[in-house]
Amino acid sequence: MTSPVPLMDARLVAELRQSIQDCTERGLSVASKWSSELYYAIPSNKRDTLISEAFTTFSTSTPACSRSPRPSLSFADPSPASSAALCMPVTPGNQSHLPSHFPVVRAQETELEIQDEAALFAARAFMTAKEFTRVEFTVKNCKSAKAQFIYVYSCFLAAERKAQRDWYRQNNTRGQPPVPINRLLATLLDMVKNATDPWLLFLKAVFLSRLNRREEAIESIIRSISGYHWNWSVWTLLCSCVGDGDELTALLPLLPLPATHPLILMFQIRTMNELHSPSENELAMCDRLLGDDCFRDSAWVMSLRACALYHLHDFGQAEKQFEKILAIAPHRIDDIDVYSNILYVTDNRLKLSRLAHEFLELDKDRPEVCCLVGNHYSLRAEHEKAVKYFRRATELDRTYLSAWTLMGHEYVEMKNSHAAIEAYRRAVDVSRKDYRAWYGLGQAYELLSMHRYALYYYQHATALRPYDVRLWQAQGTCYEEIGRLKEAVECLKRALLGADPRETTIHMKLAKLHEELDDQSEAAAYHRRVVEICRIEERPVQDYAKSSIFVARHHMVIAGGDLLLAKDYLERVANSNAEEVGQASDWLKKLKSVLITRPAIPITEETSGH
């Protein structure tokens, strides 16, 4: 997609720059880090020029003027978000009233922040030290919107810490709930139920999401984004609320930004990666964001691209992208676990081992590093050590999905189905959108020969990833095991839609099922397809000897069968070193008798060339 104007203009760069301060002042360290990374990635000459333009523009124009169809309250001045705190809800209907009221509201908020200055300084220091209860006490009686946000946010973090502590205290006991329970959520929600400040609307959305009120959470998120665009934490929350690609498509037109806005592009790529279903469209968006007029040297955007390539199974290009990331940011730990997955899948033991040792020395207490080391041990078939590191990753971050899933895979390798099921269930508790956990549960129950249970979980996985060949094959196997052969056939036919055209295993399986269903003609058709693929690929006769004999035998016994085709197939096997040479020779003798009794053989154009 091309845009008539550069992706990052002076206003957007100024807003991004301001968001670093805004997020830092409110203790949103992840969002602040994200903004800082992106700002740093803009080429320095372009960044300096645009910032100079922005200050020139803002010093000679009215800040309240908006370029977007909806009111934008994010400007390059000391506190853009808090200025909306006492304002009316941000909706198109309020736009005409905004310019006359906005300067007054902003002046009031600035005055309140000046009065709260000492408390805000102290609260920021306590927040950095993670002394959340001290933050609560410090800003409890402050009046500014910024202080109100910090107060509610610190209450939430303190309650989260207590919930985590209580949950770990019950670890490995029968009474431990699947996830920590924050009993203060309803109270916190009541504190922000009438919020209009975009930052408090973000917190409201967090609480609603945690209380499983997804639609209301999305509504609050959109209102928050309308008031302040550059809080990446609210975009991440919105990403977690999207259930599938169709929901994302329906949501995009509701967002208060144009489709070419960098935030929309990043959100769309991130969401599709989270859903494990990016496409070439998302790759094109990454390339647009990495252009000279945007974030050319951004390791974060490069990582988005590498993850998209990983989910598209283009492991070679994904590995090259991660190598480029490490060349410009050698100590970047984010997404290093995805890189280790790529090295694991491609069986690159040497590079994975070197990476594990380097990053273990860099920071052994990051869950991504633990996951990297776990993959290293898994590739060496040291499954107990791998489990140890995956478990360590979950102890560092209970919501770390990959670690739970990979731990389940290790238990499957160790034939410990019950432990695998527990790990996969924890993964599903973290996110019901990850097909890998559902697929893992299916595998674990299949190991226990509980095929109906396995089928249930495979169906969940297939609903999340409908074009995955493995998932349809797994369903087909389960249907076969419980005697529902027709459903097994339908699943395998669906698997063929996304399979490699040179694939023969599924064709062989379909041939076998049709034999069991006593549908010899269909069985012969699939066997014949196997022979054709193998001959085109010039594979050894052993690979298709059984199929050749089946097709030949079928044509010998049916009326009007193609006996020349049967003769050709049998002779190829008889003249090979396959195990079926004896069978082929016996059937050739019978074929001679058939040729004597049936001299008139209908010759088709296809067989006339043999």
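1. Histidine 276 lies in the loop between α13 (262-274) and α14 (280-289); helices here are DSSP runs of H or I with at least four residues, strands are runs of E with at least two, and both are numbered from the N terminus. The phi of histidine 276 is positive, about 60 degrees, although the residue is not a glycine. Its relative accessibility is 8%, so histidine 276 counts as buried (buried means under 20% relative accessible area, exposed over 50%, partly exposed in between, with a 1.4 Å probe and protein chains only).

2. This is a predicted model, in which local features need pLDDT of at least 70 and side-chain atom pairs count only at pLDDT 80 or more, while totals for chains, interfaces and linings use all residues. Residues are numbered from 1 along each chain as its sequence is written, and side-chain values use heavy atoms, without hydrogens and water.

3. Serine 449 sits in the loop between α23 (435-447) and α24 (451-464). With a relative accessible area of 53%, serine 449 is exposed. Most residues other than glycine have a negative phi.

4. For the protein as a whole, the count is 32 helices and zero strands. Of its 610 residues, 54% are buried.

5. Among contacts (heavy atoms within 4.5 Å) with a separation of 6 or more, 59% join residues 24 or more positions apart.

6. The accessible surface of the protein is about 29000 Å², and carbon and sulfur atoms account for 53% of that area (Shrake-Rupley method, 1.4 Å probe; for residues, only the protein chains shown count as cover).
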